[in-house]
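Biologist: I am new to this structure and would like to learn how to read it step by step. Could we begin with the way its chain is folded together?

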Amino acid sequence: MTEPETRPQPAPSFFGAVRVVAVFTLLSRFLGLIRDVVMARVLGDTVVGSAFAFAFLIPNLFRRLFGEGALTAAFLPEYASLVEKDPELSNRFATLAFSLLFLLTGVITVVGIAVLFLIRELSPENPDRAYMLTLAMVMLPYMPLICAVAVTGAILQVHGRFAPMAAAPLLLNAITIGAALLAYAVFRINATSTAFIVAIAVVCSGVLQLAWTLFSVRRYIAWRRGFASVREPARRMARRFGPALLGLGTLQLNTLLDGVIAAWPLLVGPTILGIAYPLDEASNAILTYTQRLYQFPLGVFGIAVATAVFPLLSRAADRPAEFADTLRRGLRLSLYIGLPASAGLFLVRDDLTFVLLRGENFSLEGATRAASVLMGYSLAVWAYSANQLFVRAFYARGDTVTPVKVALGAMLVNLALNLTLIWVPGLREGALAWSTAISATLQMVVLARLTRSKLLPDAPLLDADTRRSVARSLALTVAMSAGVGATLWLFPAPPVGEGDLTHPLSIARLASAVGVGGVAYLAMSVALKAPELRWLLQRSAR
């Protein structure tokens, strides 16, 4: 049998890695968008839709935290160092990390199911709450599966293989889409039962994702027992993990807080302390499906940049000039993509929510409320992207304390704004989006200042080239926004009523605005000779 390639692999090209991750993530997110559109139209802004959204919240939270954040940040630097110094120790360390994580999350899953069962059985009778908690119990086993996938994905990333991990979510999206369509559209099963079928499909997709990444990693690792020699790197990983969970997971943990607040009418009831609660049973469904819309560009590009840059920052941690150059280029790409994404989502929010979400079970009022939510989230896509990059830069240098302090502050700000703004008349669930955007922007400003003082004490974060890049990206965003705005003005929206579904002219209007905006941005990038566009297209860094 061929021995696994445990020797150190050449460092991947930064721009090539970004492109690989972005392409596969684009495919995955596109399928994910289709999945959410299908689920929105099948389950709607109803009790069933809100219950499914909450039930999927916890396992999906772990997918994002581990697959895109904390575990990679804690495991990857230690594993990368061992691969460089002692490939045999790297095998033992990876085996230990995989085994411990799978065991720990398996225990958490069993305990979680037991707790949910007790809550369901001991709470006052409420069919909607019981339905939601049962769905959560069905989907919770997805958690240990996807956490194990994160370890194998991190191993692949260190060896320059970004595609398998980036492609794994395709299985989740394809299977859940197929299950929803077969159950609801083909076999005409009602929405309540369809939700359970999709929940089972989610768990099945976790099994397939783990099998896929284990198959892909077989060339690069030989699983080994005997862990005494890797106790110290394991301790360092454990010390990194908690801070990484908070530092990189701020956006996801804020999303969890938003989901709990939005699901209050289902979890508890329509009042709080005897006062009518400002959100209703549709709020969680509206919030969840709208979150997917702003997370599309964030996942495709913002997290792709941060994911690709992290192994390179870790390798350059003891080479200050290379570290600073890699970080600046990552920031330039994050803003080059994040700024127009924020502006574009803001401008097309009404058309986007109506075209993608409005359907037989998703009301016109729900689509209108979703547009209000998207307006809040959209304004900070660029900040969400930059935060992912800055936090990974601290972890690459071994500083897990600083980003955690900032993250805790951002979470407290978000929670305080959540609990305050939901009572503002007319904001409803949109208040949760504005709170997330404001806290993320504040977090980004603080992280940028601390990056300059702690990580780059002898070099500016925004050197002359980076300042010019930021100014150019802002100018490109303004030009793109003008094109999108003009298209929407020249192509007025068709009149719709409560009984209308998606109008063909609405689709044409949205497609025209997006097309004009994209062409304008690319054309202006070429005209201004934006290096960032060339970086995304070239095969290797020069």
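This is a predicted model: local features need pLDDT of at least 70, side-chain atom pairs count only at pLDDT 80 or more; totals for chains, interfaces and linings use all residues.

Biologist: How many helices and strands does the protein have?

Modeller: The protein has 22 helices and 2 strands. Its radius of gyration is 23 Å, close to the 24 Å that the globule rule gives for 542 residues, so the protein is as compact as a globular protein of that length. Taken along the principal axes, the C-alpha atoms fill a box of roughly 65 × 60 × 45 Å.

Biologist: Which residues form a nonpolar patch on the surface?

Modeller: The patch is formed by L103, V107, V111, V115 and I119, which together have about 420 Å² of accessible area. One of these residues, V115, lies in helix α4, which covers residues 87-122. Because buried means under 20% relative accessible area and exposed means over 50%, V115, at 41% relative accessibility, counts as partly exposed.

Biologist: Where does pLDDT stay under 50?

Modeller: The protein averages a pLDDT of 87, and 90% of the residues score at least 70. Over residues 6-12, however, pLDDT stays under 50, and for this stretch the model has 20 contacts beyond four places in sequence.

Notes:
Residues are numbered from 1 along each chain as its sequence is written. Side-chain values use heavy atoms; hydrogens and water are left out. Patches are made of residues with over 30% relative accessible area and no salt bridge: like charges are joined within 9 Å, nonpolar side chains (Val, Leu, Ile, Met, Phe, Trp, Tyr) within 5 Å. Accessible areas come from the Shrake-Rupley method with a 1.4 Å probe; for residues, only the protein chains shown count as cover. A salt bridge is a side-chain nitrogen of Lys or Arg within 4 Å of a carboxyl oxygen of Asp or Glu. Helices (H or I, at least four residues) and strands (E, at least two) are DSSP runs, numbered from the N terminus. Buried means under 20% relative accessible area, exposed over 50%, partly exposed in between (1.4 Å probe, protein chains only). pLDDT is the predictor's confidence in each residue, from 0 to 100. Contact means heavy atoms within 4.5 Å. The radius of gyration is taken over C-alpha atoms; the globule rule is 2.2 Å times the number of residues to the power 0.38.
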